[in-house]
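Let's take a walk through a protein together, looking at a few side chains and the partners they meet. Have the structure open and follow along.

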Amino acid sequence: MEELVRAIVEPMIANKASLMIKTVPSIDEKYLEVLVITDKVDTARLIGKGGSVASAIRKVVSVKSRLENTHIHVKFESYDE
């Protein structure tokens with residue numbers, strides 16, 4: 001799933017070297033969390049106005065996760081340089 005998220009996110013960000021994508025199982029192991037970690041400016045770009053870009057990314061990932069019979073949550077986080 002990380003490959004799909006990377007393929008979607010990488011063309012959208014300016015600082016590709018700052019991109020980190022990690023897959024983490026949830027506490028109850030019912031779903032997986034995919035963390036997309038970038039710098040502040042790129043995180044704002046990925047979330048978009050009103051969360052519209054983030055929603056579209058989550059929608060694409062959810063289609064793929066249904067085909068694989070899993071549950072995936074995509075979270076966006078930032079860090080200061």
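Start at helix 2, which covers residues 40–47. R45 and D42 both sit in this helix, three residues apart, or about one turn of the helix. The two form a salt bridge, with their closest N and O atoms 2.8 Å apart. Keep in mind that this is a predicted model.

How exposed or buried are these two partners? D42 has a relative accessible area of 1%, and because buried means under 20%, D42 is buried. R45, at 38% relative accessibility, counts as partly exposed.

How many salt bridges does a search of the whole structure find? It finds three. Another one joins the side chains of E10 and R6, at 3.7 Å from N to O. Here E10 is partly exposed at 30% relative accessibility, and R6 is partly exposed at 31%. There is also a salt bridge between the side chains of E68 and K64, at 3.2 Å from N to O. E68 counts as partly exposed at 41% relative accessibility, and K64 is partly exposed with a relative accessible area of 34%.

Now move to strand 2, residues 32–39, where you will find T38. Is T38 buried or exposed? T38 counts as buried because its relative accessibility is 0%. Leaving out residues up to four places away in sequence, T38 touches I13, S18, L19, T43, L46, E77, S78 and Y79. With T43 there is also a polar contact, made between the two side chains at 2.7 Å.

How values were computed: Residues numbered from 1 in each chain as written. Predicted model: local features only at pLDDT ≥ 70, side-chain atom pairs only at ≥ 80, totals over all residues. Heavy atoms only, no water. Helix = DSSP H or I, 4+ residues; strand = E, 2+ residues; numbered from the N terminus. Buried < 20%, exposed > 50% of the residue type's maximum accessible area, 1.4 Å probe, protein only. Polar contact = N/O pair within 3.5 Å; in protein donor to acceptor, adjacent residues only side chain to side chain. Contact = heavy atoms within 4.5 Å. Salt bridge = Lys/Arg side-chain N within 4 Å of Asp/Glu carboxyl O.
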